[in-house]
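Here is a briefing on one protein model. Please keep the sequence and the 3D view open as you read.

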Amino acid sequence: MNKLITAYSYWKLLSWRKISNYSLLIASYRYSRWIKKPVLWGRPTTLSIEPTTSCNLRCPECPSGLRSFSRPTGMIQEDLFKKIIDDNGQYLTYLHLYFQGEPYLHPKFLDFVSYASQKKVFTATSTNAHYLTEENVEKTLNSGLKQLIVSMDGISQEVYQEYRIGGKLSKVQAGLSLLIHKRAERKSLYPRIILQFLVTGKNEHQLDGLKDWAKMMKVDELQLKTAQIYDFENGSELIPKNIKYSRYILGKNGKWELKKEIENKCWRMWQGSVITWDGRVVPCCFDKDGEHVMGQLTYQRLEDIWQNTKYIDFRTSLLRDRKEIEICKNCTT
Ligand code: SF4
């Protein structure tokens, strides 16, 4: 049901320009795979924009949480955000206002959502749900946000804080209840609320209880997500015992390896880009520290960056041998 309601709002925001651009991207992706050379016939249809790198939590597999970025940290300027939407909004079918950091820490975050919504862009975000205060809940409901992904990985404080270090489960629960209650009062369907549970070795025993918890909270969807582990070869206590929820399996040589076989393809490189708070364009959300900066939006246009030599070379390497690129080695896309 949630997928249908989300799809309805997605379709309502489509235009012929967006549909034809999307179709051209798919066609050029297929053609590129066939000739093994990157060809692009459209502009980005999805974008992730990072409101801020700041975060209130200290999650162990996240550079925001670990405060370990080598790239600059900060908050996106309003002018830059508006410029990106003004230049690209007419092609965008999906805008994820999230990359690293907690979006609600940006004082203008919900103004950004409103701005993009007014330009008829489908908006989504991801949050740890520690800032769903009365005021923020009202603003969220007014903003036009279509999808709110709440990251929550434990149904008891003890287990929750194993990964979400510094987090308070009671705060998440209170904020979510308030949002769901106020949304129902308004008889509104949006934002759709997805509870995203990162399954690790430390919380997998709570999966049965989680389903009841999600029902009790009346979230719209529960998604179980596998965890990406940076140094997985020698194993990690974060890798779940139930291999169904793991990206990795133990190989014959005693080393852990990716479960999924890597193929020399990646639709994401034809679909869209990720933009850091200071306007760097990076290929995807796996490039958390911005090792592959394709261009800089403070003085370049995305339209030009999208097909520049650096981007084309990156796509060429992907089609030739994905393992040549370090970030792609640990990616299950
Ligand atoms: S890490 Fe590589 S394969 Fe994975 S989404 Fe990014 S570009 Fe694609």
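Two strands pair if DSSP finds at least two bridges between them. Helices (H or I, at least four residues) and strands (E, at least two) are DSSP runs, numbered from the N terminus. This is a predicted model: local features need pLDDT of at least 70, side-chain atom pairs count only at pLDDT 80 or more, and totals for chains, interfaces and linings use all residues. Residues are numbered from 1 along each chain as its sequence is written.

- Nine strands form an open sheet with mixed pairing, in the order 6-5-4-3-2-1-9-10-11.
- Strand 6 and strand 11 (295-296) are the edge strands, and each pairs on one side only.
- Strands of a sheet pair through backbone hydrogen bonds, either parallel or antiparallel.
- Strand 1 (residues 46-49) runs parallel to strand 2 (residues 94-96), with three bridges. Here Thr46 has Tyr94 as its bridge partner.
- Strand 1 also runs parallel to strand 9, joined by four bridges. Leu47 is paired with Ser273 of strand 9.
- Strand 9 (residues 272-275) and strand 10 (residues 280-282) run antiparallel and share two bridges. Ile275 has Val281 in strand 10 as its bridge partner.

**Around strand 5**

- Strand 5 (residues 192-199) has seven of its eight residues buried. A residue is buried if 20 or more other C-beta atoms lie within 10 Å of its own, exposed if 12 or fewer, and partly exposed in between; C-beta atoms are placed from the backbone.
- Strand 4 (residues 147-151) runs parallel to strand 5, and five bridges join them. Val150 stands opposite Leu195 of strand 5.
- Strand 6 (residues 221-226) is also parallel to strand 5, through six bridges. Leu198 stands opposite Lys225 of strand 6.
- From strand 5 the chain passes through helix 9 (residues 207-217) to strand 6, a right-handed β-α-β crossover. Right-handed means that, with the strands pointing away from the viewer, the path from the first strand over the helix to the second runs clockwise.

**Nonpolar cores**

- A nonpolar core is a set of buried Ala, Val, Leu, Ile, Met, Phe, Trp, Tyr and Cys residues joined through C-beta atoms within 7 Å.
- The largest core has 63 residues, and Ile49, Leu95 and Val150 touch the most other members.
- Another core lies apart from it, with seven residues, including Cys266, Met269, Leu318 and Cys328.
- Beyond its neighbours within four places in sequence, Val150 contacts residues including Thr127, Ala129, Leu176 and Ile193. Contact means C-beta atoms, placed from the backbone, within 7 Å.

**The ligand shell**

- The residues around the ligand are Cys266, Arg268, Met269, Pro283, Cys284, Phe286, Arg322, Ile325, Ile327, Cys328, Cys331 and Thr333.
- Helix 10 (268-271) and helix 13 (326-329) each supply at least two shell residues.
- The shell has nine nonpolar residues, one polar and two charged. Ala, Val, Leu, Ile, Met, Phe, Trp, Tyr, Cys and Pro count as nonpolar, Asp, Glu, Lys and Arg as charged, and the others, Gly among them, as polar.

- Cys328 lies in helix 13. Cys328 counts as buried because 22 other C-beta atoms lie within 10 Å. Leaving out residues up to four places away in sequence, Cys328 touches Leu318 and Arg322.
- Ala27 sits in helix 2 (residues 16-35). Ala27 has 14 C-beta neighbours inside 10 Å, so Ala27 counts as partly exposed.

Note on methods. Two residues are in contact if their C-beta atoms, placed from the backbone, lie within 7 Å. A residue is near a molecule or strand if its C-beta atom, placed from the backbone, lies within 6 Å of it.
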